Amino acid sequence: MSAAPLLEADDVCVRFALRGRALAAVDHVSLTIDDGETLGLVGESGSGKSTLGRALLRLVPLAAGRVRFEDQELTALDERALRPLRRRMQMVFQDASAALNPRMTVLDLVAEGLDIHGLARGAERGERVRALLAQVGVDDAVLGAYPHELSGGQRQRVGIARALAVEPRFLVCDEPTSALDASVRAQVLNQLADLRDARKLTMLFITHDLGVVRHVAGRVAVMYLGRVVEEAPTEVLFTDARHPYTRALLASAPVPDPSKRRAFVPPKGEMASALDPPSGCAFHPRCPDVVDRCRTEVPQLVRIGARSVACHVHTAT
Amino acid sequence: MPALLEIVDLAVSFPASDGHGLVRAADGVSLEVPAGTTVGLVGESGSGKTVTALSILRLLDPPAQVTGAVRFAGKNLLELPERELRAVRGNRIAMVFQDPMTSLNPVLTVGEQIAEVVRLHEKRPRRAAWARAVEMLDTVGISSPAERARAYPHELSGGMRQRVMIGMALACKPDLLVADEPTTALDVTIQAQILELLRRLRADMGMSVLLITHDLGVVAETCDLVNVMYAGRIVERAPVARIFATPRHPYTLGLLSSMPDFAGPRRLRAIPGAVPLPGKHPPGCRFADRCERVLDRCRLSEPALEPVPDPADGGLVHLARCINPVPKEALSGPVSAGAPL
């Protein structure tokens, strides 16, 4: 299988200005997502994972680098030329109550994409919306309801129906289940997986929840302070992580099994601010395996077998 | 050993949103916190766990109505005069909330805030109270505590603010800490640090903890005894190992099965439907509409929270509010990987 990836990010940088200073939210990230693949993107708050997701859809401007989608270079297109492509790439947000216009009914929210792209009108428009709601498990009794009248789970499903209305090929899901209760989260995760399989969707699944990523993704990239520090097939990452940050992340997640309580030392300190990043490897102030070189030289992603790791110490096989 | 805290038949009611009558957010809640233990109170949104926690120190204002009893050190806190209650609050029972930013005063340094608590409760002079504040910041793992004591809350990270809150809560060495989702807003590596801190402080200070959370992973790692709440009711109570290895209430089993844990890709066993709104639950068992083990009888009358028969212990330590409890071997798949116990 050597087909070109559906999406390819090459050396992407995103910078924000904050208090007169430049902040590198995404710092030289390269990754690919194959057609039909679900790539998990994991990291803690401030790691840049959401910003990267938005940059891939060109929802935030890139400071440097390129993004290719379906053999077109998105970064070379203006907004007008981008519009037909927007239909092919959609996003589901964490906070559906903020992402949905509170003055629009469920019908109009889900139909908005159909209207913008002129895909359906009249009776067909209503039919399409009904069918979409059925697919995400929402009763069409809520067609005339406003977002605040829905439960959190229903709102998130409406957000998913809205994204799927224009029949995208690529879906960026940014913490789509983080605001949901456990029982509802499981329903929505199952539904997303079903829809992905039925529609042969390619997905970037952004989350801080390692359990969720292991559940949905075939491959996972781990971000720390704007950079990808490790990337591997999911099972490789969960059973044999190399980067000390990935290991710390895995060890920190509580395991729902009281017989497996372990004495472990959580990683010390906190992630530095992107306004004032550490020299060399950004993880070095917290790293148990730090050596001198880590303090001065930024490690590059090095491919080792099926995985890539950015670490001076753990790149030896 | 007698319980340090005993909640008896607690009910918390609010006026219904349609203006007609009252709805009960917590209903007939009874639980104990034995001295020296960490007791978990687990549930999803709307289960009533937070209103239960807030009722302990009477932190709910009207129109909320609280009935029942909260016994602590031989007194019913719900009937204590405000003056006497103030001697309990902070001093003997302290509380930590999910969001330290809204619980800390933004215009005072964190050192001043901790010192104030110490002055109020221990009548220490200003200088000694400040020294105690710095000492507490050190205890909760804040580096350069003398410097950080002069910082304002907004100058600290979320993890550090939560450490400050814990430092403030523990400054007067309370007998009981009520922690309401203390790590929910934190990143996972910081959560691990805070949980480790709470474990260490509990052991050092001989304190008891009532932990309110929606996170079963946190429960598994920290609690001795677990209460599971659903729609205002405690539906199951057992030692932590039992809850995870042999849950007997179908809701608890459903919660465990719906966790996307570290087992890899498999279809999650989701619980159908949604938690009923307060006052809108079905007759009989409140979980009946979502339960895969439901019987006709379940809809007739609500079952009591009763010991489930178990030859292993004579049926005393494991309680469930269910007339058709899950058989002991029902839990299959990765969540049961920890059995046998």
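This is a predicted model: local features need pLDDT of at least 70, side-chain atom pairs count only at pLDDT 80 or more; totals for chains, interfaces and linings use all residues.
The contact draws 40 residues from chain A and 45 residues from chain B. The size of an interface is often given as the accessible area lost when the parts come together. Here, the area buried between chain A and chain B comes to about 3,500 Å², and carbon and sulfur atoms give 55% of that area. On the side of chain A, the residues that lose the most area to chain B are A:Pro256, A:Arg261 and A:Glu270; together they make up 18% of what that side buries. The count of salt bridges between chain A and chain B is zero.

Two packed helices are described by the angle between their axes and the distance between the axes. Helix 4 of chain B spans residues 110–122 and helix 7 of chain B spans residues 158–170; their axes come within 9 Å and cross at roughly 20 degrees. Because of that angle, helix 4 of chain B counts as roughly parallel to helix 7 of chain B. The crossing of these helices is right-handed. From helix 4 of chain B, the residues B:Val110, B:Gln113, B:Ile114 and B:Val117 meet B:Val164, B:Gly167 and B:Met168 of helix 7 of chain B. By class, this contact between helix 4 and helix 7 of chain B holds five nonpolar and two polar residues, with no charged residues.

Helix 4 of chain B also packs against helix 5 of chain B, which covers residues 126–139. For this pair the axes come within 8 Å and cross at roughly 120 degrees, so helix 4 of chain B and helix 5 of chain B are oblique to each other. Their crossing is right-handed. On helix 4 of chain B, the contact is made by B:Val110, B:Gly111, B:Glu112, B:Ile114, B:Ala115, B:Val118 and B:Arg119. Facing them on helix 5 of chain B are B:Arg126, B:Ala129, B:Trp130, B:Arg132, B:Ala133, B:Met136 and B:Leu137. Sorted by class, the contact of helix 4 with helix 5 of chain B has nine nonpolar, one polar and four charged residues.

Chain A has a helix pair to examine as well. The axes of helix 6 of chain A (residues 152–164) and helix 7 of chain A (residues 182–199) come within 10 Å and cross at roughly 15 degrees. This angle means that helix 6 of chain A is roughly parallel to helix 7 of chain A, and the crossing is right-handed. The contact brings A:Gly153, A:Arg157, A:Ile160 and A:Leu164 of helix 6 of chain A to residues of helix 7 of chain A, including A:Val184, A:Gln187, A:Leu192 and A:Arg199. Between helix 6 and helix 7 of chain A, the contact residues divide into six nonpolar, three polar and two charged.

Turning to charged pairs, the whole structure contains 40 salt bridges over all chains. One of them joins A:Glu70 to A:Arg88, with the closest N and O atoms 3.0 Å apart. These partners lie 18 residues apart and link distant parts of the chain. A:Glu70 is in the loop between strand 4 and strand 5 of chain A, whereas A:Arg88 is in the loop between helix 2 and strand 6 of chain A.

Finally, some backbone details deserve a look. Most residues other than glycine have a negative phi, and most peptide bonds are trans. A:Leu225, although not a glycine, has a positive phi of about 45 degrees; A:Leu225 is found in the loop between strand 9 and strand 10 of chain A. In chain B, the peptide bond from B:Pro62 to B:Pro63 is cis, with omega near 15 degrees. B:Pro63 is placed in the loop between helix 1 and strand 4 of chain B.

Notes:
Residues are numbered from 1 along each chain as its sequence is written. Chains are lettered from A and ligands numbered from 1 in the order in which they are written. Side-chain values use heavy atoms; hydrogens and water are left out. Axes are lines fitted to C-alpha atoms, for helices over the stretch in contact, and angles run from 0 to 180 degrees between N-to-C directions. Helices (H or I, at least four residues) and strands (E, at least two) are DSSP runs, numbered from the N terminus. Angles under 35 degrees count as roughly parallel, over 145 as roughly antiparallel, 65 to 115 as roughly perpendicular and the rest as oblique. A crossing is left-handed if the near helix is turned anticlockwise from the far one by less than a right angle, and right-handed if clockwise. Contact means heavy atoms within 4.5 Å. Ala, Val, Leu, Ile, Met, Phe, Trp, Tyr, Cys and Pro count as nonpolar, Asp, Glu, Lys and Arg as charged, and the others, Gly among them, as polar. Buried area is the accessible area (1.4 Å probe) that two parts lose on being put together, summed over both. A salt bridge is a side-chain nitrogen of Lys or Arg within 4 Å of a carboxyl oxygen of Asp or Glu.
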